[in-house]
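Reader: I would like to learn how to read the features of a model one at a time, with the general idea given before the particular case. Could we begin with the chain as a whole and then turn to the details?

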Amino acid sequence: MMSQASSPERKEPYYLASGDEISIFEQCHRRNMAVMLKGPTGCGKTRFVEHMAWRLGRPLVTVSCHDDLSASDLIGRFLIRHDGTQWQDGPLTRAVREGAICYLDEVVEARQDTVVVLHPLTDYRRILPIDKTGETIEAAPGFQLVISYNPGYQRMLKDLKPSTRQRFVSLDFDFPPPEREAHIIQKEGETDHATAQALVSLGQRLRGLQDRGLAEVPSTRLLIAAARLIASGIPVRQACYSALVSPLSDDASLVAAMRDLVDATFV
């Protein structure tokens with residue numbers, strides 16, 4: 001698990017809106033409603049949450065979920081010290097006490113019994129019971145629970161139960177349209193418009209390989225990484241091989257097909 005808290009005084013995280021997601025999120029925050037973000041890896045879900053935390057002036061606590069994530073990892077545990085035991089709040093508890101936005105990234109990766117502890121925070125109660133200490137914490141003003149996951153990766157044994165899903169307002173994310181994606185890549189990748197457009201074109205071609213067995217298509221995040229390498233002086237094709245092709249697959253035939261698309265795009 002990775003947990004990090006960020007301060008509202010930081011620089012504005014760049015985010016280019018694609019619809020009404022900002023206004024919907026603001027209304028959810030104002031009305032104490034939990035939010036679920038759905039979409040493929042690297043399409044901007046995390047950046048959106050960072051932007052909204054900055055926009056709302058709230059601290060942000062981020063947790064990257066995994067299949068070993070326990071309720072204690074989120075809530076807290078007793079630590080043994082030389083002079084006895086001491087309770088230490090977990091990231092969720094800190095966020096509840098401080099009125100922060102708590103973002104659970106890829107929440108479906110966590111164990112189901114861990115996800116259940118979120119339920120009392122997502123309805124009118126807005127409480128977090130801590131069984132180990134007997135304390136029940138009322139969420140401080142400004143607290144908001146946000147979760148995300150990638151529906152494309154989920155199977156019947158790894159999905160959110162209806163009893164959990166229906167506690168959240170859902171926002172759907174996807175890769176931006178070409179012109180918008182080029183703008184994002186140019187800004188975030190610190191490259192020129194022509195290079196950004198070429199990378200978007202390459203990205204669309206590579207995404208077409210999903211029907212040929214490519215498990216994960218290139219995200220906007222990977223396209224930005226390629227742009228940054230190019231901007232730093234790495235030859236264009238090598239930047240694409242390293243930032244796009246190699247991270248996506250080890251299958252020799254798929255790698256060869258992707259390298260051919262890179263070569264055809266950057267003649």
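Reader: What percentage of the 267 residues of the protein chain count as buried?

Author: This is a predicted model, and every value that follows is computed from it. Of the 267 residues in the protein chain, 48% count as buried. The chain holds 11 helices and 10 strands, and its C-alpha atoms fill a box of roughly 65 × 40 × 35 Å along the principal axes.

Reader: How should I read a pair of packed helices, and what are the angle and the axis distance for helix 8 and helix 9?

Author: Two packed helices are described by the angle between their axes and by the distance between those axes. Here helix 8 (residues 193–207) packs against helix 9 (residues 220–231) at an angle of about 140°, and their axes lie 10 Å apart. That angle makes helix 8 oblique to helix 9, and the crossing is right-handed. On the side of helix 8 the contact involves Thr195, Leu199, Gly203 and Arg207, which meet Thr220, Leu223, Ala226, Ala227 and Ile230 of helix 9. These contact residues divide into 5 nonpolar, 3 polar and 1 charged.

Reader: At what angle do the axes of helix 7 and helix 8 cross?

Author: The axes of helix 7 and helix 8 cross at roughly 125° and come within 8 Å. Helix 7 and helix 8 are therefore oblique to each other, and their crossing is right-handed. Helix 7 contributes Pro178, Glu179, Glu181, Ala182, Ile185 and Gln186 to the contact, while helix 8 contributes His193, Ala196, Gln197, Leu199, Val200, Gln204 and Arg207. The residues of this contact divide into 6 nonpolar, 4 polar and 3 charged. Leu199 and Arg207 of helix 8 also take part in the contact with helix 9.

Reader: Is Glu190 buried or exposed?

Author: Glu190 is exposed, with a relative accessible area of 65%.

Reader: Which residues does Tyr14 touch, leaving aside those up to four places away in sequence?

Author: Tyr14, in the loop between strand 1 (2–6) and helix 1 (21–30), touches Arg47, His183, Ile184, Lys187 and Glu188 once those sequence neighbours are set aside. The C-alpha atoms of Tyr14 and Glu50 are 8.9 Å apart in space, although the two residues are 36 residues apart in sequence.

Reader: How do I read paired strands, and in which sense do strand 4 and strand 5 pair?

Author: In a regular strand the side chains alternate between the two faces of the sheet. In this model strand 4 (residues 76–81) and strand 5 (residues 84–89) pair in the antiparallel sense over 6 bridges, and they form a hairpin with 2 residues between them.

Technical notes:
Residues are numbered from 1 along each chain as its sequence is written. This is a predicted model: local features need pLDDT of at least 70, side-chain atom pairs count only at pLDDT 80 or more; totals for chains, interfaces and linings use all residues. Side-chain values use heavy atoms; hydrogens and water are left out. Two strands pair if DSSP finds at least two bridges between them. Helices (H or I, at least four residues) and strands (E, at least two) are DSSP runs, numbered from the N terminus. Axes are lines fitted to C-alpha atoms, for helices over the stretch in contact, and angles run from 0 to 180 degrees between N-to-C directions. Angles under 35 degrees count as roughly parallel, over 145 as roughly antiparallel, 65 to 115 as roughly perpendicular and the rest as oblique. A crossing is left-handed if the near helix is turned anticlockwise from the far one by less than a right angle, and right-handed if clockwise. Contact means heavy atoms within 4.5 Å. Ala, Val, Leu, Ile, Met, Phe, Trp, Tyr, Cys and Pro count as nonpolar, Asp, Glu, Lys and Arg as charged, and the others, Gly among them, as polar. Buried means under 20% relative accessible area, exposed over 50%, partly exposed in between (1.4 Å probe, protein chains only).
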